[in-house]
Every structure is written in structure tokens, then in C-alpha cells.
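Welcome, and thanks for opening this model. Please take a look at the fold before reading on.

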Amino acid sequence: MGKDIFILGIESSCDETACSVVRNGREIVSNIIASQADFHEQYGGVVPEIASRMHVDAVYPCIENALKEAGMALSDIDAVAVTYGPGLVGALLVGLSAAKGLCAASGKPLVGVNHLHGHICANYLAFPELEPPFLCLCVSGGNTAIVHVKDYLDLEVLGKTRDDAAGEAIDKISRVIGLGYPGGPKMDKAGQGGDIHAYTFSKTHMGDTLDFSFSGIKTSALNLINGMRQKGEEPVLKDFAASYQQHLSDILLENTLKAAQKTGIKTICLAGGVSANSFLRKSFDGASKKHGLKLCYPPLGLCTDNGAMIASAGYYEYINGMRDSLDLNAKPSLKLGGNNACG
Ligand code: KG4
């Protein structure tokens, strides 16, 4: 057994400032998350400039607390991993600058991490025996993709959204029906016990591809709400929330099952904030039993943004010799896959 490797992971791509120490890519030693969600609630969504300023206030206390909770000093860390995209540019720059500062001062290596790769790696933290290959449905506020994880650093995007992300489709409708921000958890709670067949929404067919489109579904939900409001009526919140989330879950499941059939892969992972959704989890639970698939999804705290998933992704890059220079820049539109598979 070789020496343990400890990675400090820093995340600041949206409205969570987070820092964590992870051992050997799999074991969380400490995990600190400072969420701004309560603050942005009054604006109905994340205000990028405010998010950047709040990250500035939170980033060093988060790092200090993560090291303190781990009972470690920066000198005990092997490398600093940090999200450099995709995300809000101002927000990304705060975590990235902090990470570069730590590396410049300590001489520790810097490893830039693709936020989406981090979400996938949250599954390694939750399932110590999980190894590639597997399929991962990445569903978050800004992205929706089915990823073929061929190896730790070899990722292929099999299908992705051509317009809105699933999280966006939930957040926007949540605002319109008066639930506000953050839409995902509020819509999930509102739909509990509701009738999933009460309302119907349009479905966009993407031909033979594994791509998604959610903008039409969002518009059909908006039309339904506006049509009822013109008649002085309101949808029954519980039933509307349940039907809408079930409809989105069905679409996400359908393409993921097609991907499993196409690749012959029998292990499916879920990742990203929307993978916390109870309708989605229930649909995947049922389908995986029916089709004999192994299903993994992280606990709720590891579905949304955190530093541990960044440290885990950073670990696999670090042990494969990947390093970044101190002039690494934020990439707000960083993609997954391609030549540099994990960014
Ligand atoms: O992964 P994440 O924390 O940040 C991004 O990388 O985007 O995902 C945030 C998204 C938001 O759209 C939020 O509404 C959604 O995840 N979300 C949920 C739930 N919890 C968070 N969506 C549906 N149901 C939930 N329980």
C-alpha cells in the first residue's frame, strides 16, 4: 500500500463556496460548504456580481475550516484541485485565484477540474467499489448530459441538451408558479403526494440521438399556467408540480435507458443538483430493477455543489500526472469530453 494522497478541493462556480480534503480520491476527511442560496432567494435567482463578492468573503474561511476539520496544514496536502469551469466567470475566478495563491505560496501543484467531472466523481465518494466503465446522467442547473465514463479520465458525451438544462426548466417554472428560488428543492417538496398524471406537457423528439430539449416543455408548462390564469384559475400546485417533474424524469430516463441499451453498460450513475430530485430517483429506482441495472446516486449533500467532488476528480488527474500552471484561467463555457476528456 503506497502513501496516502490528500487533495484539497475548492469549488466556487455558482452560489456555493466549498472546500474539502479528500484521501485517495474516495474518502472525505473534511467538507465545508458555505451556501449563498438564502441570500439570493430575495432576487429569485443567483445574482452573479453578488455571488462573486460573497465568494470573496467566504473562500479563505472555508479553506481554513476544511484544513482545521481535517486536522491538517497546507504542507500535509499533496495538491490543490479547483473548479475552473463551467460556471459564472466572476465566481469561478474567486476560487481559482485563492487556489493559485495557495499553490504560489506553498509550491504545491495546481490541478484544474471541470465542474461536471466533479459531479460525476461524487459517486466515487459515495460508492467506494464503483469503477468505470459506467454511464452517468449529469443533471444540474446549467447542464444536462449522458456521459459514458470509459475510464477515470476518459469521458464521452453521448447526448446533451440542445437548449435549457433540466434544472433550468424546473427553476423557471418554480418561479412562475410562485414557489421561488431555489426552485428544485421547493418544487420537489410541493409535488409530494401529487397526481403525476393530472397535467400533460409537450415532448420534443430528438430523432435517433440521445440529446435532450427542455425549452418546449418549459413553454408548454408556461402556456398551461397562463391559459388557466386568463380564466381566473390556478393549477393545483401539488398535482402540477408532480406531473411536471414526472414528465422531466420520464424524458431523462428514456434517453438514459437507450444509452444503456446502445452501449451494453449495466451500471448507471446520477450526478448533479437535479439528481437530488425524488421523482427522478424513484423513476430510476424502478427502471433499474426492471432492467437489471446497477444504479448509484450520491447522498443529497454530494449531489449539489461541494468541494469533495472536486478533490476526488483532482485526485484522478493528479495521479495521472496532470498539472496546471499558475496562469490557468476560468473557462465559463468549459465542455466535457473531446481531446482533453475531463477538461
Ligand atoms: O449541481 P448544482 O448544485 O449546480 C450546478 O452545477 O448547476 O445544481 C443546481 C440545480 C438547480 O437547478 C436546483 O434547482 C437543482 O439543482 N436541484 C433540484 C433539487 N435540488 C437541487 N432539482 C430538483 N429537485 C431537487 N430536489
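Here is a short tour of a sheet, the helices on it and one serine.

This is a predicted model, in which local features need pLDDT of at least 70 and side-chain atom pairs count only at pLDDT 80 or more, while totals for chains, interfaces and linings use all residues. Residues are numbered from 1 along each chain as its sequence is written, and side-chain values use heavy atoms, with hydrogens and water left out.

**The sheet**

Five strands make an open sheet, ordered β3-β2-β1-β4-β5, with mixed pairing. At its edges are β3 and β5 (110–114), each of which pairs on one side only. Neighbouring strands here are turned by 20° against each other on average, direction ignored. Strand β4 (residues 79–85) runs parallel to β5, joined by five bridges. In this pair, V80 is opposite L110 of β5.

**Helices across the sheet**

Axes are lines fitted to C-alpha atoms, for helices over the stretch in contact, and angles between N-to-C directions run from 0 to 180 degrees.

| Helix | Lies across | Angle |
|---|---|---|
| α2 | β1, β2 and β3 | about 25° to β2 |
| α3 | β1, β4 and β5 | about 155° to β4 |

How far apart are the end C-alpha atoms of α2? They are 31 Å apart, which agrees with the 33 Å that 23 residues (48–70) should span at 1.5 Å a residue; the expected span is 1.5 Å times one less than the number of residues. Still, α2 bends by about 35° at A58, and the proline P61 follows within four residues. That bend is the angle between axes fitted to the seven residues ending there and the seven starting there. After α2 comes G71, with a positive phi near 65°.

**A buried serine**

S249 sits in helix α8 (residues 237–263). Because its relative accessibility is 2%, S249 counts as buried. Its side chain reaches the backbone oxygen of Q245 at 2.7 Å. Leaving aside residues up to four places away in sequence, S249 touches N277, F279, L280 and S283, where contact means heavy atoms within 4.5 Å.

Key: Helices (H or I, at least four residues) and strands (E, at least two) are DSSP runs, numbered from the N terminus. Two strands pair if DSSP finds at least two bridges between them. Buried means under 20% relative accessible area, exposed over 50%, partly exposed in between (1.4 Å probe, protein chains only). A polar contact is a pair of N or O atoms within 3.5 Å; within protein, one must be able to donate a hydrogen and the other to accept it, and residues adjacent in sequence count only if both atoms are side-chain atoms.
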